[in-house]
Amino acid sequence: MRLLDETGDPKDYLAAQARQSEELRRQTDIDARAGALTHLCDAYTDALKMSGNKSHRAVRLALQRHVIAPWPALATSEARSITASDIQAVLAKMVKVGLKREINKIRSYLHAAFTYGAKSDHDPRRLAADGIVFGITSNPVSLVPRIGEYDRARDRHLSADELYRYWKALDAEDVQPVSRSALRLALLLGGQRLTQLLLVLWSDIDMDAGTIVLRDGKGRGVTRYHLLPLSEWASAMLEPLRLLNTGRPWPFTINGRSPMQLGTLSNTVRTISRGITDAHGAPPFQARDLRRTAETMLASLGVDRETRAQVLSHGRASGVQAIHYDRYHYLNEKRQALAIWETHLRGIF
C-alpha cells in the first residue's frame, strides 16, 4: 500500500520507469558515439567534398595545420565539450605567430563545422547508420569575435619593373615546368584565378578556335563557364605541356593522377618574391597580387570596368542563357582587351 501511495497508478509508474530507462539508454548510446573535435572537422570537410565544393581540401589542410596538429588534447576532446575559451586559445596562438589572414578563415571554418555538426545529429541517415553524434547544442565560435582589422583587403600590386623581374625569374632551372607554364598563362590571360586554371582539361582547349574554357565552381554546386581567347603567345605556354602530359586529362599535372595543387604555385611565387625582395628591396607579394596587378594595369590601359569584369570573371551570372551570352557576345571584347594587355606586356618583357 505504501508503494501504491508513493507511486500512484502502477501503470503510470511503470510507464515513467520505462521512459527513464529509454532516456538513460539513449544518453548512454550518445555518450558512446560522441564525436571528438577531429571527427567534427573531418565530417564537415567530407560534407564539403560530397557537395562538390572545390575548397574542401584547402579547408581540411588548414584545420589540420592550425587546430588538430598543434592542439592534440583539444582535437581528441568531445566536440560538445569545446568552449569559447578553447576557440579563443586556438586563435590567440595564431595571433602570436602573426598569421593574421588565416585567423578569420580558421574561425569561419570552425563556426561552419560546429553548425554542420549540430544539424547533422538530426539527419535520419546518421541515426540509421549508427554513426558518430556530436551532441552540440550551441556554437562556441559564435562568442569569439571576428577580428575586423585582419579582413582588410590587400592592395599590393606589382610595378612594371617588378613584373619584369617576376617573369624572368620563372626561367630559373629550379622552377617546375608545369608551374612555369601555368603562372605565365594565368598572367597572359589577364590574371585568371589559379584554382580555375589548374582544373582545365585538354578537352577545354580548342587550338583551332583559339579558346580555353575555365570552370568557376564557386557557389552552391553551380558551375559557371568562363570562355577566353587564346593568342599565339598564350598558346605557346601550353606547348611544353603537350610533351610532358600527353595522354593525361589535365595540362597542369605533375603526377598524371590529379591536377597540380594551388599550394605548389603559391610556393613558387613566394620563393620568387623572396628573391626579388632580397635583391631589390621590393615589398613581398603573393600569387593573388598578380591578379590585382593585371586588373590595375588593364584599367590604366583604358579597358572599361565591364570588359575587365568579363575578362576576370567578376560576379558573372550562371545559367544556360548567361553561359551562351558570355561565350558569344563578349568573346570579341575579351579578345580585344587581351590584345591590348599582351602589347603592354611585350613592352615590359
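## A guided tour, starting at the hairpin

Select β1 and β2 to begin: these strands run antiparallel to each other and pair over 2 bridges. Two strands count as paired if DSSP finds at least two bridges between them. Helices (H or I, at least four residues) and strands (E, at least two) are DSSP runs, numbered from the N terminus.

Before going on, a word about what is on your screen. This is a predicted model, in which local features need pLDDT of at least 70 and side-chain atom pairs count only at pLDDT 80 or more, while totals for chains, interfaces and linings use all residues. Residues are numbered from 1 along each chain as its sequence is written, and side-chain values use heavy atoms, with hydrogens and water left out.

**Stop 1: the sheet**

Stay with the hairpin that β1 and β2 form: 4 residues lie between the two strands, and Gly-210 in the turn has a positive phi of about 70°. Now pick Ile-205 and look across to its bridge partner in β2, Ile-212. Ile-212 also stands opposite Leu-228 in β3.

Why is β2 described as largely enclosed by the rest of the structure? Because 5 of its 6 residues are buried. Here, buried means under 20% relative accessible area, exposed means over 50%, and partly exposed is in between (1.4 Å probe, protein chains only).

**Stop 2: the helix across the sheet**

Axes are lines fitted to C-alpha atoms, for helices over the stretch in contact, and angles run from 0 to 180 degrees between N-to-C directions.

Bring in helix α16 (residues 305-312), which packs against α18 at about 95°, with 9 Å between the axes. The two helices are therefore roughly perpendicular; angles of 65 to 115 degrees count that way, those under 35 as roughly parallel, those over 145 as roughly antiparallel, and the rest as oblique. To see the contact, select Thr-307, Gln-310 and Val-311 of α16 together with Glu-333, Lys-334, Ala-337 and Leu-338 of α18. Contact means heavy atoms within 4.5 Å.

**Stop 3**

Move to helix α3 (residues 37-50) and helix α7 (residues 100-120), whose axes are 9 Å apart at an angle of about 90°. That makes α3 roughly perpendicular to α7. On the α3 side, the residues in contact include Leu-37, Leu-40 and Tyr-44, and among those of α7 are Tyr-109, Phe-114 and Gly-117.

**Stop 4**

Select Asn-139, in the loop between α8 (124-128) and α9 (160-169). Its relative accessible area is 16%, so Asn-139 is buried. What does the side chain of Asn-139 reach at 3.0 Å? One end point is the backbone oxygen of His-111, and another is the backbone nitrogen of Val-141. Leaving out residues up to four places away in sequence, Asn-139 touches His-111, Phe-114 and Thr-115.

Leu-91, in helix α6 (residues 84-96), is buried at 7% relative accessibility. With residues up to four places away set aside, Leu-91 touches Ile-103, Ile-106, Arg-107 and Val-144.

Finally, find Pro-259 in the loop between α13 (239-244) and α14 (262-280); at 17% relative accessibility, Pro-259 counts as buried. Draw a C-alpha to C-alpha line from Pro-259 to Leu-201: they are 58 residues apart in sequence and 9.2 Å apart in space.

**Last stop: the whole protein, coloured by confidence**

Zoom out to the 18 helices and 3 strands. Of the 349 residues, 41% count as buried. Colour by pLDDT, the predictor's confidence in each residue, from 0 to 100. The protein has a mean of 85, and 81% of its residues reach 70 or more. Where is confidence lowest, and where is it highest? Helix α17 (residues 320-329) is lowest, at a mean of 49, and helix α10 (residues 177-188) is highest, at 97. Where pLDDT is low, the predicted coordinates should not be read in detail.

Definitions and conventions: A polar contact is a pair of N or O atoms within 3.5 Å; within protein, one must be able to donate a hydrogen and the other to accept it, and residues adjacent in sequence count only if both atoms are side-chain atoms.
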